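Here is a short report on one chain, starting from a single residue and widening to the overall fold. Please look over the sequence and structure first.

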Amino acid sequence: MITDELDLEVRLSVYRHFVRTGRAPSLSETSADVDVDSAAISASLERLDTRHVLVLHPTNRQLWMAMPFSAIPTGFRVTSGERAWWANCAWDALGISAMLQIPVEITTSCTDCGDPLTLRTTGRALSDPTGVVHFAVAAAAWWDDIGFT
Amino acid sequence: MGAVVSLETAWALAVAWYTGRLEREWRRRTPAEAQALFTSLGLVGPFWRVR
């Protein structure tokens with residue numbers, strides 16, 4: 001499989017896994033799903049990381065983010081019925097609902113006062129449009145340290 | 001400092017940004033496309049300049 005095709009299949013496989021399970025796939029899971037050896041999957045993930053299509057952890061190189069999903073627990077828990085995901089930020093938490101077109105409950109906390117916050121969507125709209133989102137990092141710097149952003 | 005955006009605008013941004021993300025045909029936006037999207041949502045000024 002040429003690399004462009006492989007990278008496409010890996011991206012789709014990773015995202016399918018996140019959508020279905022709420023967590024990142026292991027190398028062996030993606031390898032089995034795409035039917036390509038783990039070394040090739042690993043190389044593909046590195047290319048996808050370089051292109052900012054997904055994000056690998058800076059040191060252990062494991063899947064860290066497949067936006068809007070986070071592979072690790074964050075301050076943004078997104079649930080829909082029995083399904084649950086971690087989002088990287090408020091934008092991504094809303095993005096899970098918008099992308100999957102499902103109603104969700106987003107559980108987070110106010111960055112100003114620390115109080116717990118719950119946001120709900122119908123999948124097509126916000127259930128309550130009241131509120132604000134604070135973007136701490138200017139757009140030009142988002143990818144300087146995506147983990148911090 | 002940062003930027004404070006209404007939840008409605010954040011929702012509109014999420015919809016625009018992530019619709020189609022799971023499709024085979026999806027590709028990452030170019031910086032110009034991202035900038036046009038931000039502008040269309042009223043996200044303008046130095047904070048929202050992508051580069």
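The model is predicted. Start with A:Val78 and its partners. Neighbours within four places in sequence are left aside.

Where does A:Val78 sit in the secondary structure? Its place is strand S4 of chain A, which covers residues 77-80.

Is A:Val78 buried or exposed? It has 29 C-beta neighbours inside 10 Å. The cut-off for a buried residue is 20 or more, so A:Val78 counts as buried.

One further pair can be given a distance. A:Leu119 is 41 residues away from A:Val78 along the chain. Their C-alpha atoms are separated by 9.4 Å.

Now the whole chain. Chain A has 4 helices and 8 strands. Their order along the sequence is α-α-α-β-β-β-β-β-α-β-β-β. The radius of gyration is 16 Å, close to the 15 Å from the globule rule for 149 residues, so chain A is as compact as a globular protein of that length.

| Property of chain A | Value |
|---|---|
| Span of the C-alpha trace along its principal axes | about 50 × 35 × 20 Å |
| Residues that count as buried, of 149 residues | 33% |
| Contacts joining residues at least 24 apart, among contacts between residues at least 6 apart in sequence | 34% |

Conventions:
Residues are numbered from 1 along each chain as its sequence is written. Chains are lettered from A and ligands numbered from 1 in the order in which they are written. This is a predicted model: local features need pLDDT of at least 70, side-chain atom pairs count only at pLDDT 80 or more; totals for chains, interfaces and linings use all residues. Helices (H or I, at least four residues) and strands (E, at least two) are DSSP runs, numbered from the N terminus. A residue is buried if 20 or more other C-beta atoms lie within 10 Å of its own, exposed if 12 or fewer, and partly exposed in between; C-beta atoms are placed from the backbone. Two residues are in contact if their C-beta atoms, placed from the backbone, lie within 7 Å. The radius of gyration is taken over C-alpha atoms; the globule rule is 2.2 Å times the number of residues to the power 0.38.
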